[in-house]
Amino acid sequence: MEIIRETGKPNKLAVTAVLILMLLVLGLAYFFNIYPGGIVVSEDTPKQMTITKQYVFGKESLTIEVEHANQLKVSLVKMLGEDLELKWYIIVLFFTALLFNIFNLVRNNHSSQSNEMIVILYLWAGVNLLACIIFVYQYINQVVWINDMLQQIS
């Protein structure tokens with residue numbers, strides 16, 4: 001598949017494919033809780049919780065007795081799990097914006113655009129790339145922290 005035509009314009013099929021891929025990734029995360037390091041916390045009883053770690057091709061469940069000693073840690077894991085899903089949505093959206101920005105940079109004929117517009121496009125691509133890097137770093141740290149908390153609780 002040819003992403004960029006000889007005229008310098010991106011193929012509409014490539015743009016559509018990026019949009020469909022973004023919607024698929026967001027849909028899997030929203031409806032099936034499938035995202036890297038994703039966890040689902042369900043309260044069976046006030047004294048018992050089930051924490052399910054979702055993987056792409058399977059899941060692992062952990063049943064925890066909520067006691068006075070670990071009540072704070074269990075609540076923290078539940079809150080961080082919800083925050084992790086939100087960060088995943090933000091990463092996907094920023095990455096998609098970065099891809100569209102790159103398509104926009106390739107599409108624009110630099111000779112027909114003013115220098116200010118080109119600088120703005122490059123700056124916006126840099127901001128999107130920096131945001132992606134920061135959120136991915138935070139995401140990885142949060143996944144590691146959640147896994148450490150789950151080991152302490154169990």
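How many aromatic pairs does the count come to by the ring-centre rule? The count comes to 3 aromatic pairs, where rings of Phe, Tyr and Trp (its six-membered ring) pair if their centres lie within 6.5 Å, planes under 30 degrees apart being stacked, those over 60 edge-to-face and the rest tilted. The model is predicted, so local features need pLDDT of at least 70 and side-chain atom pairs count only at pLDDT 80 or more, while totals for chains, interfaces and linings use all residues. Residues are numbered from 1 along each chain as its sequence is written, and side-chain values use heavy atoms, with hydrogens and water left out.

One of the aromatic pairs is formed by Tyr30 and Phe31, which are edge-to-face at 4.9 Å centre to centre with 85 degrees between the planes. Tyr30 counts as exposed because its relative accessibility is 54%, and Phe31 is exposed with a relative accessible area of 62% (buried means under 20% relative accessible area, exposed over 50%, partly exposed in between; 1.4 Å probe, protein chains only). Another pair, Trp88 and Tyr139, is tilted, with 5.8 Å centre to centre and 45 degrees between the planes. Trp88 lies in helix H2 (residues 71-107) and Tyr139 in helix H3, so this pair ties together parts that are 51 residues apart in sequence. Trp88 is buried at a relative accessible area of 16%, and Tyr139 is buried at 6% relative accessibility.

The protein chain has 3 helices and 3 strands, where helices (H or I, at least four residues) and strands (E, at least two) are DSSP runs numbered from the N terminus. Along the sequence the pattern is α-β-β-β-α-α. Buried residues make up 34% of the 154 residues in the protein chain.

Tyr139 also belongs to the largest nonpolar core, a set of 24 residues in which Ile51, Val77, Tyr139 and Ile146 touch the most other members. Such a core consists of buried Ala, Val, Leu, Ile, Met, Phe, Trp, Tyr and Cys residues joined through side-chain atoms within 4.5 Å. Helix H1 (12-32), strand S1 (39-45), strand S2 (48-54), H2 and H3 each supply at least two residues of this core. H2 gives the most, with 8 residues. Leaving out residues up to four places away in sequence, Ile146 touches Ile39, Val77, Leu80, Gly81 and Leu84 (contact means heavy atoms within 4.5 Å).

Tyr122 lies in helix H3 (residues 115-153) and counts as partly exposed because its relative accessibility is 47%.
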